[in-house]
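Me: I would like to work through the nonpolar cores and the aromatic rings of one protein model, taking one question at a time.

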Amino acid sequence: LWIRVASRAAEQGDLDLSRRYIEECYRVAKGRFVAIEAQCNMYFGHFALEAGDVEEAEAFFRRSRELAASLDWGWWEANSLTMLLGVALRRGDVEAAESHGRAALAIYAALESRTWALRALAGLARAARARGDLEHAGLFWGAAAAEGERTTWWEEHRARWGDSLVDERRPEFLAAVQRGRELDLWDAVTIALGQDQTR
């Protein structure tokens with residue numbers, strides 16, 4: 001319940017209240033309820049990002065992933081990996097971003113979670129653009145956008161998940177976006193997971 005109330009407070013922009021709930025929740029859960037600890041660490045990572053402390057955020061997301069993995073809680077582990085993808089991009093470490101993104105995507109695919117797979121795919125699109133691969137950047141972004149537009153919440157998250165992709169206008173990218181929009185999400189996921197990871 002504390003986590004749900006904290007989430008609502010964060011959605012309303014009251015991060016101080018959200019943090020207070022999470023800190024109290026963590027105090028009670030630590031050493032007793034691993035799943036709750038994993039969620040609290042995720043929130044602490046978000047708070048660190050808001051404060052501009054990328055290294056601290058990364059540490060919290062890693063801890064969240066470790067706790068989730070210890071429970072074989074794949075969905076939460078993938079969520080943590082997706083956050084690590086974003087942190088790696090902030091640090092300019094494209095290789096790490098792609099590694100985290102593919103690991104998250106593989107879990108989401110195994111769980112057949114279309115909603116969350118598109119988020120990881122969008123992150124991989126950003127990573128592809130960062131290393132100059134406009135073909136895959138457009139393909140992944142197009143597939144993610146086409147899937148997202150079938151939901152009621154895509155517009156709310158589109159700019160954040162797409163970041164600079166939203167304003168990318170190079171012809172090679174736009175042509176690839178159109179091709180991506182014609183793919184089924186899982187076909188795009190298969191391409192993302194099958195890419196040569198040494199590139």
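This is a predicted model: local features need pLDDT of at least 70, side-chain atom pairs count only at pLDDT 80 or more; totals for chains, interfaces and linings use all residues.

Reply: Residues are numbered from 1 along each chain as its sequence is written, and side-chain values use heavy atoms, with hydrogens and water left out.

Me: How many residues does the largest nonpolar core have?

Reply: A nonpolar core is a set of buried Ala, Val, Leu, Ile, Met, Phe, Trp, Tyr and Cys residues joined through side-chain atoms within 4.5 Å, where buried means under 20% relative accessible area, exposed over 50% and partly exposed in between, for a 1.4 Å probe and protein chains only. Phe61, Leu105 and Trp141 are among the residues with the most contacts inside the largest core, and the number of residues in that core is 44.

Me: Are the rings of Tyr26 and Phe44 stacked, tilted or edge-to-face?

Reply: Rings of Phe, Tyr and Trp (its six-membered ring) pair if their centres lie within 6.5 Å, and planes under 30 degrees apart count as stacked, over 60 as edge-to-face and the rest as tilted. The structure holds 9 aromatic pairs. Because the rings of Tyr26 and Phe44 have centres 5.4 Å apart and planes at 80°, this pair is edge-to-face.

Me: Is Trp116 buried, partly exposed or exposed?

Reply: Trp116 belongs to one aromatic cluster with Trp73, Trp75 and Trp76. Since its relative accessible area is 26%, Trp116 is partly exposed.
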